[in-house]
Each structure stands twice: as structure tokens, then as C-alpha cells.
Amino acid sequence: MSLYEIIVLALIQGITEFLPISSSGHLLLLAELLGWQNQGLAFDVAVHIGSLLAVMIYFRRDIGAMLVAWFGSLAGKHSDNSKLAWWVILATIPAVVFGFVLKPYIETYARSALVIGTTTVIFGLLLWWADVKARQHHNIYQLTWKTSLFIGLMQVLALIPGTSRSGITMTAGLMIGLDRESSARFSFLLSIPTILGAGLLLSLDLVEAQDAVDWHAMLLGILFSFVSAYACIALFLKWISKIGMLPFVIYRLLLGAVLFIFVFA
């Protein structure tokens with residue numbers, strides 16, 4: 001890959017990992033417009049590392065408090081942070097289970113412009129509906145095992161390209177009555193085990209493939225995906241309560257329309 005491709009792809013991956021828009025839609029669009037090939041396993045691993053570092057560093061205090069509280073809960077000492085840690089674990093399980101079962105079928109049948117364009121539009125409209133109808137009565141510490149499991153089950157839909165993992169989990173959070181910031185924060189916390197798991201699987205694939213690794217491209221991928229992901233998280237949490245989800249819905253509809261043009265033109 002050229003330096004330009006590395007920077008653009010890493011920035012896009014870092015941003016779309018956490019905004020409620022479709023990362024696969026953007027990557028497909030770049031491939032269609034510019035003729036770029038798949039960036040390869042090594043680069044995929046790099047951008048996952050960058051995104052993971054960004055969310056973990058941004059939420060370092062929350063993660064530290066949750067870990068301490070979680071270990072305390074094993075000794076019978078329960079708190080809001082220990083419950084939140086358990087809810088993140090619980091909400092991760094459906095994606096792990098269904099991911100192993102459905103991944104081969106999705107990679108074979110669902111990675112087309114038509115599928116990605118359709119899911120980009122449909123789940124964009126669902127995000128808009130959830131935001132408009134949202135009660136926003138609850139904060140992140142008012143989650144229960146049932147509502148956390150619901151978000152986790154909805155996250156399974158993100159296995160379908162174009163859905164957007166962050167988009168569907170924020171949609172689910174709004175549907176159960178979380179305020180916008182809390183739905184975003186839980187989505188970001190839930191992304192940590194999800195990105196970690198995906199990165200580990202990609203790393204295993206990379207080892208098995210025994211391909212040559214461009215370490216320069218990997219380091220740049222980590223750097224630029226980290227910067228874009230960290231800035232994205234910080235700005236999104238700062239603005240989301242004020243601007244709502246409508247700008248992202250409009251963007252998804254436009255992205256879906258462009259993808260449909262490539263399909264039917």
C-alpha cells in the first residue's frame with residue numbers, strides 16, 4: 001500500500017469503528033471509487049490495535065474501577081461498577097457464540113454492495129426511530145441483566161456487513177431508555193472485548209497465513225487509527241447529547257444511496 005492509502009484507510013477505520021455509521025460501507029466505497037484492493041490481514045490487525053488502544057486509554061479510569069469492583073464482586077462486594085463489568089461480559093457473549101457459528105456464511109454470502117447498502121439504510125432508519133422515540137430516562141448504571149443481554153443480542157446483527165456495531169448497540173441502548181451519552185458509553189465499553197476478540201482472531205489468521213509483514217505500514221496503521229478513534233470517541237461523547245443521531249442517519253442514507261448507484265447503474 002502507498003502512504004496515502006495507509007493514512008486514509010487507518011483514519012476511516014478508526015472513525016467508523018465508533019461512529020454509528022458503516023465501516024464496511026466506506027471500505028467498499030473506496031474499493032469501488034479508487035480500485036483499492038483489500039489491505040491484508042496485517043493491516044487489519046494494526047487498525048484493530050490502534051482502535052483498541054484508543055478506547056482503552058480514553059476509558060482507562062472506568063476500566064480500572066470496573067476491574068477492581070469486578071474482582072471485589074467475586075468476594076461478595078457488589079457495586080455499580082461491578083454490575084457494569086458483569087453487564088459488559090454478559091452482553092459480549094451473544095456476539096461470541098453467534099460469531100463462531102455465522103461468520104463463514106456471512107463472509108460467503110453477505111459481503112456485497114447490495115447487502116451493505118441495504119443494511120446501511122435500514123439500520124440507519126432504525127437508529128433514527130430509536131432516537132426520536134427514546135425516553136432517555138436511564139443512565140448507564142441503571143442497566144440490568146435483561147437490558148444488557150438485549151443490547152448484546154442486538155449486537156449480533158452487526159455481523160451483517162453495513163449494520164455498524166456501534167450503531168446497532170446505540171440503537172438498542174436508546175430503545176431500552178438509556179440517554180444518548182449512556183448508550184454511547186456502553187457501546188464503547190462493549191467494543192473493548194469485541195475488538196480484542198476480533199483482533200486475536202485476525203492475528204491467528206495472520207500467523208497461519210505466514211505472509212510477509214510490512215511493519216512500517218502496521219505501525220502507521222496503529223498510529224493513525226489510534227488518533228482518529230480517540231478523537232472520535234472524545235468528540236462524539238461531547239456532542240451527542242446536543243446534536244442527536246439525525247446527522248449520522250442522514251449520512252447513512254446518503255452512503256446507502258451511493259452504494260445502490262454502484263449496484264444498479
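**Note on backbone, packing and aromatic features**

1. Gln-136 is partly exposed, with 30% relative accessible area. The model under review is predicted. Gln-136 is found in the loop that runs between α6 (113–133) and α7 (145–155). Its phi is positive, about 55°, although Gln-136 is not a glycine.

2. Ser-164 also deserves attention for its backbone. Its phi is about 85°, a positive value, although the residue is not a glycine. Ser-164 lies in the loop between α7 and α8 (165–175). Is Ser-164 buried or exposed? Ser-164 is buried, because its relative accessible area of 8% falls under the 20% limit for that class. Gln-136, by contrast, is partly exposed at 30%.

3. The next point concerns a glycine within a helix. Gly-50 belongs to helix α3, which covers residues 41–58. With a relative accessible area of 0%, Gly-50 is buried. Which residues does Gly-50 touch, leaving aside those up to four places away in sequence? They are Ile-222, Ser-225 and Phe-226. For Gly-50 and Ile-222, the C-alpha to C-alpha distance is 4.2 Å, while the separation in sequence is 172 residues.

4. Turning to the aromatic residues, a search of the whole structure returns ten aromatic pairs. One of them joins Tyr-58 and Phe-59 in an edge-to-face arrangement, with 5.0 Å from centre to centre and 75° between the planes. The two partners fall into separate accessibility classes: Tyr-58 is partly exposed at 26% relative accessibility, whereas Phe-59 is buried at 1%.

5. Trp-70 and Phe-71 form another aromatic pair, likewise edge-to-face, with ring centres 5.0 Å apart and an angle of 75° between the planes. The pair counts as edge-to-face because this angle is over 60 degrees. Phe-71 has 52% relative accessibility and therefore counts as exposed, the threshold for that class being over 50%.

6. Which residues make up the aromatic cluster? Phe-18, Tyr-58, Phe-59, Phe-188, Phe-226, Tyr-230, Phe-236 and Phe-248 form one cluster. Its members include both residues of the edge-to-face pair Tyr-58 and Phe-59. Phe-226, another member of the cluster, is also among the residues that Gly-50 touches.

Methods: Residues are numbered from 1 along each chain as its sequence is written. This is a predicted model: local features need pLDDT of at least 70, side-chain atom pairs count only at pLDDT 80 or more; totals for chains, interfaces and linings use all residues. Side-chain values use heavy atoms; hydrogens and water are left out. Rings of Phe, Tyr and Trp (its six-membered ring) pair if their centres lie within 6.5 Å; planes under 30 degrees apart count as stacked, over 60 as edge-to-face and the rest as tilted. Buried means under 20% relative accessible area, exposed over 50%, partly exposed in between (1.4 Å probe, protein chains only). Helices (H or I, at least four residues) and strands (E, at least two) are DSSP runs, numbered from the N terminus. Contact means heavy atoms within 4.5 Å.
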